[in-house]
Amino acid sequence: MTDSTVSGTATFPSAIKALHWALAVLVLLMIYGGFTLSRETATYHFGTGLVILVLMVIWLAVKSGKPRPAYPDMPRWQEITAKAVHHGLYACVTLQPIFGLMMVSFSKGSPVAFTVIPLKIVQNDLINEIGHVAHMVNAFIITGLVALHILAALYHHLVLKDNVLKRMLPGKA
């Protein structure tokens, strides 16, 4: 391990950065879209959820093969909190489209993603309701975790003036 990795100055690999920012944009769009969903936008919400699920599987596969750069020196409680928020985001963002699929695939209607991909399996009110509640509760959890993640990155950048945010920006820190 190099000194830059030990001190927390190493940047993330380009693939991780690209996936992070693609997922960040999509998740923010989905948070907004989920809370303002209409009949006209639902098909794109469903489709984007499928894209997020695929990207999260890729993200987890890429991340599992590479160690993350070390955290910079920070109090132990901050490192534990950072890990909890990151792992919470990984879990919740991966589960959210699965909960969404539970909801729409077992609904009364005939949902489609991107106006062409049929999502209906069979009507099952119980699975639909479980998916609906899980999707809604998880959306609020994701919103809170995203807010914590953004606030922590800004705190590190603006207050502590360390390179935590810069490590995830395109290019070198």
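Entry 1. I took contact to mean heavy atoms within 4.5 Å. The model I consulted is predicted. I looked up Met56 and set aside its neighbours within four places in sequence; the residues in contact with Met56 are then Leu23, Tyr90, Val93 and Thr94.

Entry 2. I next looked up the largest nonpolar core and found that it has 21 residues. Met56 is among those with the most contacts inside this core, together with Val27, Ile52, Trp59, Val93 and Ile142. I noted the elements that give two or more residues to it: α2 (14–35), α3 (42–65), α4 (76–105) and α5 (125–160). Helix α2 provides the largest share, seven residues. Apart from this core I found another, of five residues, including Ala42, Phe46, Val104 and Leu119.

Entry 3. I then turned to the aromatic rings, for which the count comes to three pairs. For Trp59 and Tyr90, I read a distance of 5.9 Å between ring centres and an angle of 55° between the planes, so the pair is tilted. This pair links distant parts of the chain, since Trp59 lies in helix α3 and Tyr90 in helix α4, 31 residues apart.

Entry 4. Are the two partners buried or exposed? Buried means under 20% relative accessible area. Trp59, at 6% relative accessibility, therefore counts as buried. Tyr90, at 17% relative accessibility, also counts as buried.

Note on methods: Residues are numbered from 1 along each chain as its sequence is written. This is a predicted model: local features need pLDDT of at least 70, side-chain atom pairs count only at pLDDT 80 or more; totals for chains, interfaces and linings use all residues. Side-chain values use heavy atoms; hydrogens and water are left out. A nonpolar core is a set of buried Ala, Val, Leu, Ile, Met, Phe, Trp, Tyr and Cys residues joined through side-chain atoms within 4.5 Å. Buried means under 20% relative accessible area, exposed over 50%, partly exposed in between (1.4 Å probe, protein chains only). Helices (H or I, at least four residues) and strands (E, at least two) are DSSP runs, numbered from the N terminus. Rings of Phe, Tyr and Trp (its six-membered ring) pair if their centres lie within 6.5 Å; planes under 30 degrees apart count as stacked, over 60 as edge-to-face and the rest as tilted.
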